[in-house]
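Student: Please take a close look at the surroundings of the ligand. Then move on to the packing of the protein.

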Amino acid sequence: MLRVEDIETYYDTSQALFGMSFEIDAGEVITLLGRNGMGKTTTVNSLMGILKPRAGSIKLDGVEVMGSKPFKMAQLGLGLVPEGRQIFPNLSVRENLIATASNHLAMSNPWTLDGIYDLFPELAERKTSMGNLLSGGEQQMLAVGRALMTNPKLLILDEATEGLAPLIRDKIWNALAQIRDSGLSILVIDKNLNDLFKLADRHYIVEKGQVVWSGTSTELQKSSDVQERYLGV
Ligand code: ATP
């Protein structure tokens, strides 16, 4: 469904991605793993059109989309849960959910407010609260719900459980498992390997702006040397 090939992305004259490549099949869950500063967020921002790669290719269902603007990438089916959540502080929970809601791909069972409230009952209880009055966990649930309301074909989560209490983190992981079971493709960046092993099909380890290892959950679980070398586990 998504094929990223040899992308090179710069910040001004400083190169951050050096031929980054990976792919995701429909219904698959993959991760980008790696230490801080290795290029995971840069990869996500390159995918979303927030940063423009200078070389390479990004194909969605066989169609070249590299260089498209972020709104176009969203219309094409990429739903981002950004690092730091970035919810709208002066909109209510309900307004946050409907502000960017759409169904550009004409999905047959689109997400609705009720669907999001079923997934995260905490949001139903706070539907009239302003975004800036929510706890970190509630904000994170809202960021996931907001991305789902765009009815994407690929949900992308950049550090969605960072800084959250274990109980809240578990709620997010449970919701992601439900979303996966519904057939949606997911790309996750996170540091909680044990949770990722349960959720994801395959993993890509990123080091200095390129993929240095890829494999299944079972393969990575068995490769303690790979975990130690690239992830510091
Ligand atoms: P983290 O988990 O810390 O976000 P990451 O793997 O997502 O790490 P990136 O944020 O993509 O890494 O950073 C990749 C490289 O690009 C790093 O060397 C970083 O210093 C550099 N970089 C990131 N953002 C900028 C920026 N706005 N301007 C210049 N360089 C940047």
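Tutor: Start with a term: a polar contact is a pair of N or O atoms within 3.5 Å; within protein, one atom must be able to donate a hydrogen and the other to accept it, and residues adjacent in sequence count only if both atoms are side-chain atoms. The model is predicted, so local features need pLDDT of at least 70 and side-chain atom pairs count only at pLDDT 80 or more, while totals for chains, interfaces and linings use all residues. Residues are numbered from 1 along each chain as its sequence is written, and side-chain values use heavy atoms, with hydrogens and water left out.

Now the ligand. Its shell has 13 residues, and Gly 37, Gly 39, Lys 40, Thr 41 and Thr 42 come nearest (near: a heavy atom within 4 Å of the molecule). A polar backbone atom of Gly 37 sits 2.7 Å from a ligand oxygen. For Thr 41, a polar backbone atom is likewise 2.7 Å from an oxygen of the ligand. Gly 39 has a backbone N or O atom 2.9 Å from a ligand oxygen. Alone, the ligand exposes 630 Å², and the protein buries 58% of that (Shrake-Rupley method, 1.4 Å probe).

Helix α1 (residues 40–47) supplies the largest share of the shell, three residues (helices are DSSP runs of H or I, at least four residues; strands are runs of E, at least two). By type, the shell has three nonpolar, five polar and five charged residues. Gly counts as polar here; Asp, Glu, Lys and Arg count as charged.

Next, the packing. The largest nonpolar core holds 43 residues; Leu 155, Leu 157 and Ile 179 touch the most other members. Such a core is a set of buried Ala, Val, Leu, Ile, Met, Phe, Trp, Tyr and Cys residues joined through side-chain atoms within 4.5 Å. Buried means under 20% relative accessible area, exposed over 50%, partly exposed in between (1.4 Å probe, protein chains only). Helix α6 (residues 136–148) gives the most to this core, six residues. Beyond its neighbours within four places in sequence, Leu 157 contacts Val 81, Val 144, Leu 176, Ile 186, Leu 187, Val 188 and Ile 189 (contact: heavy atoms within 4.5 Å). A separate second core has 25 residues, including Ile 7, Leu 17, Met 20 and Val 65.

Last, His 203, in strand β9 (residues 202–207). His 203 counts as buried because its relative accessibility is 0%. Its side chain makes a 2.8 Å polar contact with the side chain of Thr 31. Another, also 2.8 Å, joins the side chains of His 203 and Ser 217. Leaving out residues up to four places away in sequence, His 203 also touches others, among them Leu 33, Phe 197, Trp 213 and Leu 220.
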